Amino acid sequence: VMKNKTTLLKLYFLLASVDGTVKPKEEAIGDAMCSVESIEPRTFAETLVVLKTENRAPILTESIKELKSMSRAEQVRCIAWMCVIANADGFMEKVEWQLIYKIYHKELKLPLEEILGEQKKLNAASRPYLMTVSCAA
């Protein structure tokens, strides 16, 4: 379970809203992420309400700064969550990938293999929380 939960919520917001709207499957992954990372659903909901009123650019700058102060393992975990969220609807959109690439490659210089390895773990960890949703998908 991560310490830097506010950063994770900011990254969730930036990614899920990158195309203008948060889709139901992205919301479902958000709920699963909260379960896996022990984030209170109310905290999640309230944080998103606040972030929606703010400008995206400073949120991104802040998030990158926060990521840079984290351990490598936590950086990898955050980016892996972004990949899980981006793949929520079955494919990753170009704008989603551009945002993830900018952060993990240009800013953090993390190897993709580590992120993909962690993404597999997170997919497995979040699957039990998604069962109810994926049946209807």
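How many aromatic pairs does a search of the whole structure find? The search finds four, a pair being two rings of Phe, Tyr or Trp (its six-membered ring) with centres within 6.5 Å. The model is predicted, and local features need pLDDT of at least 70, side-chain atom pairs count only at pLDDT 80 or more, and totals for chains, interfaces and linings use all residues. Residues are numbered from 1 along each chain as its sequence is written, and side-chain values use heavy atoms, with hydrogens and water left out.

A pair of aromatic rings is described by the distance of the centres and the angle of the planes. For tyrosine 12 and phenylalanine 44 the centres are 5.1 Å apart and the planes lie at 65°, so this pair is edge-to-face (planes over 60 degrees apart; under 30 degrees counts as stacked and the rest as tilted). The pair links distant parts of the chain, with tyrosine 12 in helix H1 and phenylalanine 44 in helix H3, 32 residues apart. Helices are DSSP runs of H or I with at least four residues, numbered from the N terminus. Tyrosine 12 is buried at a relative accessible area of 1%, and phenylalanine 44 is buried at 7% (buried, under 20%; exposed, over 50%; partly exposed, in between; 1.4 Å probe, protein chains only).

The rings of tyrosine 101 and tyrosine 104 are also edge-to-face, with centres 5.8 Å apart and planes at 90°. Both residues lie in helix H6 (residues 94-107), three residues apart, about one turn of the helix. Tyrosine 101 is partly exposed at 29% relative accessibility, whereas tyrosine 104 is buried at 5%. Ring pairs link Trp97, Tyr101 and Tyr104 into a cluster.

Helix H1 (residues 5-16) packs on helix H3 (residues 41-52) at about 55°, with the axes 10 Å apart; axes are lines fitted to C-alpha atoms over the stretch in contact, and angles run from 0 to 180 degrees between N-to-C directions. By class, the H1-H3 contact has six nonpolar, two polar and two charged residues (nonpolar: Ala, Val, Leu, Ile, Met, Phe, Trp, Tyr, Cys and Pro; charged: Asp, Glu, Lys and Arg; polar: the others).

H1 also packs on helix H5 (residues 72-86), at about 30° and with the axes 10 Å apart. Tyr12 is among the H1 residues that meet H5, where Trp81 and Met82 are among the partners. The H1-H5 contact comprises 10 nonpolar, no polar and no charged residues.

Conventions. Helices (H or I, at least four residues) and strands (E, at least two) are DSSP runs, numbered from the N terminus. Contact means heavy atoms within 4.5 Å.
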